[in-house]
Amino acid sequence: MWLFAAGLTVLSAGALLSLLLSKAPRLASWTGSAGAVGGCLLAIAAAIGVLWSGESAGATLAWEVPLGSLAVEIDPLAAVFIIPIALVVLIAAVYGAPYMQGSYHASTVGPSWFFFNLLAATMLLVVAARSGLLFLVAWEGMSLASFFLVLTDHRQESVRRAGWIYLVAMHLGTACLLVLFLLLGRSSGSLEFDQFAVEPGLAGVLFVLALIGFGTKAGFMPLHVWLPEAHPAAPSHVSAVMSGVMIKTGIYGLLRTVTFLPELPSWCGWTLLAVGVLSGIGGVLFALAQHDVKSLLAYHSVENIGIIGIGAGVGLLGISYDIPAMAFLGFAGALLHVLNHALFKSLLFLGAGAVQHGTGTRDIDRLGGLLKTMPITGGTFFVGACAISGLPPLNGFVSEWMIYLGVLLSVAEPARDANVAWAPLCVLVIGSLALIGGLASACFTKAFGCMFLGEPRSEQARHSHEAGRPMRAAMVTLAAACFVVALSGPVFLFLLRPAVLTIVPPGAREAAAAVVPQSLGPLVGVCVIFWATLAAVGLLSWGRRKMSSAGKVDGVPTWDCGYAAPTPRMQYTASSYASPLVILFRLLLRPRITLHPPVGLFPKQAGFESETPDLFAQYVFGPTFAGVAWIASKLRRFQHGRIQLYVLYIALTILVLLIWKLG
Amino acid sequence: MLWLLVAVPAIAALLSFALPWNGLRRVLLVLSASVHVGLTVAVFVEPPEPVLDGWIALDAASLLFLAITSVLFFVTSLYTVGYLAQEKRPATLDPTEAVRFANYPEAVFTGCLLMFLAAMTLVLVSHHWGLMWVAVEATTLASAPLIYFHRHPRSLEATWKYLLICSVGIALALLGNFFLAVSAKACPGESLHLTIAGLEQHASQLNRDWLRAAFLLLLVGYGTKMGLAPMHTWLPDAHSEAPSMVSALLSGVLLNCAFLAVLRGHSLLVKAGEGQFSRDLLVLFGLLSMAFAAAFVIRQADYKRLLAYSSVEHMGILVLGVGIGGIAAFGSLLHAVNHSLTKAMLFLAAGNTLHRCHTKSTAEIRGLFRVLPVTAVLWIVGLLAITGSPPFGTFLSELVILKGMIDGGRIVVAVAYLLALAVVLIGMSAIVIAMVYGKPAAAESSAESNPEASDTSPEPAWSILPPLFLGLAVLFLGLCVPRELSDLLHEAARVLGAE
Amino acid sequence: MLAISGIVQIVLALVLAPLLQSIINRTKAVFAGRRGQPWLQPYRELWKLVQKGTVYSRTTTAVFVAGPIVGIAAVGLALALVPIGGWPALLSFPGDFLLVAYLLGVGRFFLVSAALDTGSSFEGMGASREVLFSALAEPALLLSLTALAAASHSASLTGIYAAIDSGMPATAAGPAIFLITGAMFVVFLAENARIPVDDPNTHLELTMIHEVMVLDHSGPDFALIQYAAQLKMWLLGSLLLGAAAPFRFGSAWLDLLAGLVGLGAIAVLVGIVESSMARLRLVRVPQFLIAASILSIVALFLVMR
Amino acid sequence: MALWLDVILVLLILTSLWLLGSSRLRACIQAVAFQGIMLGLIPLLCAWPDITVRLAAVAVLSMVVKAIVLPGMLRRAAREANVRYEVQPLIGFTTSLLLGIVLWGLAMHVSRQLPVTMLHVTPLLIPVAIFTIFCGFLLIVSRNTAVMQVIGYLALENGIYVFGWAFAIEDPLLVEMGVLLDVFVAVFVMGIMIYRLSREFDTIETDELDSLKE
């Protein structure tokens with residue numbers, strides 16, 4: 001525990017120092033990142049200690065505020081979240097030091113590091129907090145720190161707008177959490193987690209509150225609207241942290257809430273599952289339609305959160321129908337995907353940042369051919385792309401596969417429970433996961449292909465340069481981590497076991513624990529295939545190099561069906577690559593196409609633009625806010641300057657009160 | 001002791017009317033403010049005896065609000081000194097519409113300021129309905145010239161509205177007092193004076209109907225002064241036209257005094273067993289005020305009016321909390337403290353902004369971070385604090401009030417409360433973010449042309465240290481509520497029969 | 001024993017896969033009234049390509065070279081999981097068919113990336129269509145296999161296909177099996193780029209999907225790609241066969257023979273389809289694939305009613 | 001003495017109606033002054049025959065203030081701004097009169113809610129007080145010139161004092177303080193304000209004062 005405390009202290013120290021030193025940006029950024037690295041190392045040590053020993057460490061101090069106490073505890077569930085958080089923050093800090101200096105105004109460096117370390121500390125605190133008030137304070141602190149980080153580059157209108165939307169979304173989410181905690185603590189009168197109790201019949205309501213409150217942070221559709229705005233706006237290492245781990249605190253909150261709700265009705269599980277499916281498919285579809293690589297990645301966060309939601313939903317259904325395989329593998333898959341998504345999504349954001357750093361643009365349609373100039377960035381980005389598409393032999397597959405397996409094992413069970421709606425379950429889980437996987441690989445062949453392959457589509461792309469050494473080191477580390485997790489899959493079954501068992505209600509624990517050996521074999525099988533794949537590829541490419549020495553012709557133009565002088569402008573663009581899919585799903589995506597067709601015999605110019613604004617932002621939230629503003633504008637008539645009216649209000653008030661209250 | 005509390009500022013006021021030198025006058029202002037703080041500390045340390053056979057006394061509630069008043073006045077007096085030092089006289093040209101206007105003579109201003117303090121202190125310590133009413137009326141009279149300081153036509157209009165509306169309100173309060181007297185006739189034995197203690201002793205024998213009617217009148221009357229919708233109409237005008245430190249005092253202190261008056265009425269009804277009657281009314285007016293304020297905050301074109309409407313909202317929160325009762329009452333007293341500090345800070349920040357940018361329009365101010373870095377930080381901190389986000393005290397108090405609602409099972413009220421808070425947040429944050437961030441706007445650059453706007457000199461200490469202090473205080477209250485304070489709050493809530 | 005059976009199957013696949021190609025061609029030739037190419041033509045072509053040198057565009061990078069290699073590796077490893085004729089596969093565990101599907105996905109991912117690597121607009125076009133259609137085909141395949149798993153109460157391919165035997169269609173799951181066969185046949189056609197989804201030997205690049213992606217590959221690279229395609233057909237064919245014609249004759253060798261014959265029959269069927277049907281318009285293809293998914297969903301509901 | 005009290009109360013009603021009905025500022029000022037005198041008489045009648053010196057003093061003081069000082073001040077203000085008539089009220093004079101009748105009904109209704117059993121005074125008193133208050137409100141709301149609004153405010157206060165005098169005899173201090181404050185409000189503040197208004201806007205039509213809104 002003291003390790004963790006020390007970690008928090010180091011983080012806060014780094015924060016304050018970098019704020020004080022903000023006059024000297026270079027110094028500030030070094031202290032800031034050093035603080036982040038040190039603090040995160042300590043936190044990781046603490047978490048590993050807990051996972052290793054298996055018993056959770058905690059401490060409680062008094063806090064001189066109403067309802068307050070500083071109760072902190074690291075149990076397996078918390079540890080499972082602390083590790084990715086600390087890891088990603090650590091790597092992002094290493095990456096961020098040169099990145100901030102490279103591409104941001106000197107005056108913003110110090111404050112941004114202050115908020116970065118603050119964000120790290122509050123995220124860790126959120127996961128470790130055991131008292132409602134402490135949790136809420138840390139939670140809001142996290143939101144605010146990230147809010148200021150989003151506003152780092154506040155000269156742009158879009159960034160300010162993003163910051164505002166983010167602030168509003170976070171606040172609305174938190175409102176639900178306030179009610180949730182107060183309702184949980186109502187019977188005991190205190191907000192300590194261990195004294196929470198559920199009044200009968202309230203479990204469903206509480207679950208919905210948690211789903212809205214935490215889902216806003218996690219970015220479940222349709223509460224995701226802040227996400228594609230805020231993540232592109234922030235500096236890339238911050239986007240990596242936000243998208244990689246910060247939104248996962250929402251998942252953590254949801255799972256933690258589930259541990260407070262023993263008797264969940266089964267519709268909760270179905271709801272979560274449906275939400276997950278919506279976010280998964282919707283997220284990847286909107287990602288396909290994006291031109292800006294960072295908003296593409298942001299929508300993919302929505303997609304992956306959806307996958308996690310599907311896993312958690314399967315787990316919940318497993319609990320409420322008591323099917324151990326679904327319960328264990330669903331939650332295990334979800335938790336593992338939390339880790340995996342943290343790894344490859346932050347990797348991808350760092351890659352995007354390196355590209356922006358090296359070319360000065362994020363527009364996929366203006367990039368291309370970067371693999372030649374930025375090999376390391378490109379290579380690691382490719383690894384990330386494969387991983388997020390859930391391809392073997394990478395980590396993304398393992399977690400998705402666990403979720404699949406949970407359903408499969410229970411479906412293939414000879415004595416499967418007849419009163420579970422199996423067919424819809426299979427369609428929802430397996431069908432949508434398969435669709436998501438296919439669409440994701442479509443999206444990332446587009447992203448990687450159009451950014452790094454082919455010919456440069458613009459001058460910036462042609463004159464790109466590789467990122468600095470620390471940035472490359474960060475990306476390589478993450479890419480390596482993706483492989484490590486994938487190739488040591490079975491180990492995680494055991495690492496996640498205690499965490500999953502904390503979520504599963506006590507009654508079902510030993511049954512759930514019995515799933516581990518049952519699913520160990522398959523996982524080992526998968527790993528064998530992984531190793532074999534790597535070996536086979538290695539062998540083949542070795543052999544290929546041996547033979548290709550003979551008669552190799554190099555440096556000719558691409559065979560373009562007889563056309564000898566292809567120009568970069570003739571390449572297939574990202575938009576055209578995605579357009580068949582966009583058109584197929586136009587009902588959902590509603591792309592806006594503005595076309596200036598060539599006219600006349602010798603057309604001077606022609607143009608084609610397509611953009612895909614967010615469905616919910618445009619058709620749900622926008623109108624709502626506009627409606628409120630309209631009502632307000634009507635109410636303003638009330639006060640239009642005439643003192644006679646004002647006195648009239650007083651007279652009427654007292655008159656009405658006298659007649660109503662005394663009558 | 002208690003006499004001194006009122007007498008010191010009053011005498012100082014007379015002195016400052018007399019004194020010929022401005023410099024000395026400013027010294028006097030700060031001096032008397034600090035003496036007042038000292039006296040407050042003294043009465044806090046050892047409670048003094050009631051004087052004037054119980055007409056003037058000091059219970060926990062008085063002490064609480066006295067402390068707020070004293071501290072806020074001291075801080076603003078520091079700001080005032082700096083402000084007066086840089087105010088140009090005689091006549092200046094209004095940059096927006098070409099109207100010449102000349103400030104009041106400083107003697108009158110300072111004098112009224114101190115008189116204002118005396119009156120407010122009297123409101124807080126008076127334990128006699130009539131005396132309290134007189135004191136409240138006196139605050140109106142003392143503050144009117146303060147609002148009219150700039151002698152600008154618009155400030156004149158504001159003052160006129162302030163005077164007339166508040167006088168009407170106060171007249172109703174007087175009628176309320178008479179009704180109290182009538183209801184007191186019901187109880188046998190010698191006719192009792194309208195002292196708070198006296199009435200509360202015989203509360204059970206008071207005549208119900210007259211008592212209820214009296215409460216209605218007191219609520220509307222003092223509610224007008226407090227700025228409860230729909231009687232709040234004077235508030236935005238006065239706050240927007242008054243000099244900023246005066247707005248800070250109006251919002252941070254004066255409204256609290258009126259709130260205390262309303263609370264006294266409520267506690268009397270509670271003691272008389274009519275608690276439900278007053279609670280319902282308080283909840284009603286609380287929600288009404290929050291709703292109105294929310295509607296006017298959205299796309300508000302004038303940042304001082306924005307702050308004024310947010311004051312209306314918070315007054316709503318205060319009475320709402322008291323109306324809910326239980327722990328919420330404690331919460332709303334705590335919230336009174338937090339709101340006073342935060343709002344005073346915001347108004348001082350607004351003052352700095354107005355002084356540098358020469359406009360109150362939220363649309364014309366952009367990129368404050370370039371022009372006034374510290375003030376910009378104050379704006380952001382103020383935004384977060386006033387919208388009740390941690391780690392600021394307002395979060396705690398609003399949370400406690402919400403807890404009161406949830407525990408009491410007032411789900412509908414809780415939902416309305418949260419909705420109103422959310423709308424206010426959305427409206428305010430949109431405005432403040434636009435003001436603080438981004439590039440300085442065209443209006444700003446045009447203001448660059450005229451000499452005294454173009455100075456990018458660092459902000460003077462007098463303009464940033466007082467608000468910074470207040471901000472730190474709110475932050476501190478968010479991180480830790482000292483035992484003494486929470487005891488005082490509980491005691492006050494108990495005295496007022498709200499808990 | 002188990003290991004041996006698996007190895008036997010893999011060897012058979014590696015040796016016989018190109019033959020399916022020539023069977024299809026012969027069938028089409030018969031329908032066209034020609035004599036058709038010799039049986040071993042596909043082998044000859046592969047050998048010829050291996051002999052040749054390779055041409056690399058100046059645009060391309062390592063990804064271009066990696067494409068074919070990863071493609072063949074992925075399909076090869078997938079073969080190790082797929083049983084034929086009721087024989088147990090080399091490696092088998094619950095949920096292995098997901099791994100098969102995703103391994104094919106890996107191959108596709110690299111092939112598409114290689115296509116984009118050339119920077120040619122035609123290959124980009126092909127790639128975009130390929131990812132679209134495969135994304136739509138994936139749910140159909142996995143849902144049908146899930147339905148089989150549910151029907152046969154087993155989660156591994158070997159288990160599933162061991163459980164499905166000639167008796168199965170008679171049982172309650174019979175109609176479901178029938179639908180699944182239909183769905184899987186559509187997937188088979190789409191994944192192997194056959195008519196009506198794609199026309200392997202048209203000469204209009206604008207209309208091609210799979211073929212146009214590999215325009216720039218040459219020599220051994222192209223050989224690998226072709227061979228990978230043939231192996232893929234073998235693999236999907238045996239998945240389809242296991243569901244469509246689960247004939248069992250008691251003796252393992254007879255079963256295996258039946259499996260091989262069945263594959264040949266599928267090839268003939270494909271040939272017949274290709275010579276009797278025209279290619280669908282590109283905009284119709286998605287509906288074709290979605291129809292397949294719908295078939296499999298209906299099958300799911302039938303199995304677990 | 002109850003008879004005389006009733007007479008006075010009736011006179012108060014009539015003056016209130018007169019205020020509502022007339023458009024000439026001068027007349028209205030007269031009416032308020034008259035009300036002031038009536039007001040001064042009430043306590044003497046209530047307390048009859050034992051009138052303490054103190055009571056008498058307060059009564060006289062209030063008469064002086066309400067009947068001489070304030071009207072004088074108002075006249076001066078009106079002269080300053082040379083307005084003779086309330087030109088166009090928001091609510092016409094006839095309408096105001098009709099409204100006055102309605103208000104009378106309301107006043108009766110409200111006062112019926114309040115038990116007067118333990119108060120040994122004429123039952124007419126409470127409705128009259130309330131009615132006068134309502135009339136004051138109506139004047140403020142419906143008139144345009146600042147002077148008329150002040151007059152309305154005074155009428156409102158008069159209503160309150162009718163009440164106060166009748167019931168607060170035991171605790172005359174309340175009333176005394178009220179009276180003193182009247183002096184303050186009226187003379188020192190409203191006077192100055194009206195004066196300034198007339199200077200700044202060279203009119204005291206308050207409908208010009210609507211630049212502050214929303």
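Predicted model: local features only at pLDDT ≥ 70, side-chain atom pairs only at ≥ 80, totals over all residues.
Residues are numbered from 1 along each chain as its sequence is written, while chains are lettered from A and ligands numbered from 1 in the order in which they are written. The model scores ipTM 0.91 and pTM 0.93.

**Confidence in chain D**

- Within chain D, helix H7 (residues 172-200) has the lowest confidence, at a mean of 68, whereas helix H5 (residues 125-142) has the highest, at 90; helices (H or I, at least four residues) and strands (E, at least two) are DSSP runs, numbered from the N terminus.

**Which chains touch**

- Four pairs of chains touch, and chains A and C have the most contacts among them; two residues are in contact if their C-beta atoms, placed from the backbone, lie within 7 Å.
- Chain B and chain C share no contact, their closest C-alpha atoms lying 41 Å apart, and chain C and chain D likewise share none, with closest C-alpha atoms 56 Å apart.

**Chain C against chain A**

- On this interface, 66 residues of chain C are in contact with 70 residues of chain A.
- Strand E1 (54-57), helix H3 (62-79), helix H4 (96-117), helix H5 (121-152) and helix H11 (285-303) of chain C are the elements that give two or more residues to the side of chain C that touches chain A, and H5(C) gives the most, with 18 residues.
- That side of chain C divides into 39 nonpolar, 19 polar and eight charged residues, where Ala, Val, Leu, Ile, Met, Phe, Trp, Tyr, Cys and Pro count as nonpolar, Asp, Glu, Lys and Arg as charged, and the others, Gly among them, as polar.
- Strand E3 (residues 552-556) of chain A pairs with E1(C) in the parallel sense over three bridges, with Lys552(A) standing opposite Thr54(C); strands pair if DSSP finds at least two bridges between them.

- Chain B has 21 helices and two strands, and its C-alpha trace spans about 75 × 55 × 40 Å along the principal axes.
- With 499 residues, a compact globule would have a radius of gyration near 23 Å, and the 22 Å of chain B agrees with this; the radius is taken over C-alpha atoms, and the globule rule is 2.2 Å times the number of residues to the power 0.38.
- Buried residues make up 66% of the 499 residues in chain B, a residue being buried if 20 or more other C-beta atoms lie within 10 Å of its own, exposed if 12 or fewer, and partly exposed in between, with C-beta atoms placed from the backbone.
- Of the contacts in chain B with a separation of 6 or more, 80% are between residues 24 or more positions apart.
- The contact between chains B and A takes 48 residues from chain B and 42 residues from chain A, and H17(B) gives the most to the chain B side, with ten residues.
- By class, the side of chain B that touches chain A has 34 nonpolar, six polar and eight charged residues.

**Elements of chain A**

- Helix H13 (residues 324-359) of chain A has 36 residues that should span 52 Å at 1.5 Å a residue, and its end C-alpha atoms are 51 Å apart, which agrees; the expected span is 1.5 Å times one less than the number of residues.
- Because 35 of the 36 residues of H13(A) are buried, this helix is largely enclosed by the rest of the structure, and just after it Gly360(A) takes a positive phi of about 85°.
- Ile323(A) lies in the loop between helix H12 (293-320) and H13 of chain A and is buried, with 25 other C-beta atoms within 10 Å.
- Ile323(A) and Ala512(A) are 189 residues apart in sequence but 8.4 Å apart in space, C-alpha to C-alpha.
- Strand E5 (residues 607-611) of chain A lies largely in the open, because the number buried of its five residues is zero; E5(A) pairs with strand E4 (residues 592-596) of chain A in the antiparallel sense over five bridges.

Key:
pLDDT = per-residue confidence, 0-100.
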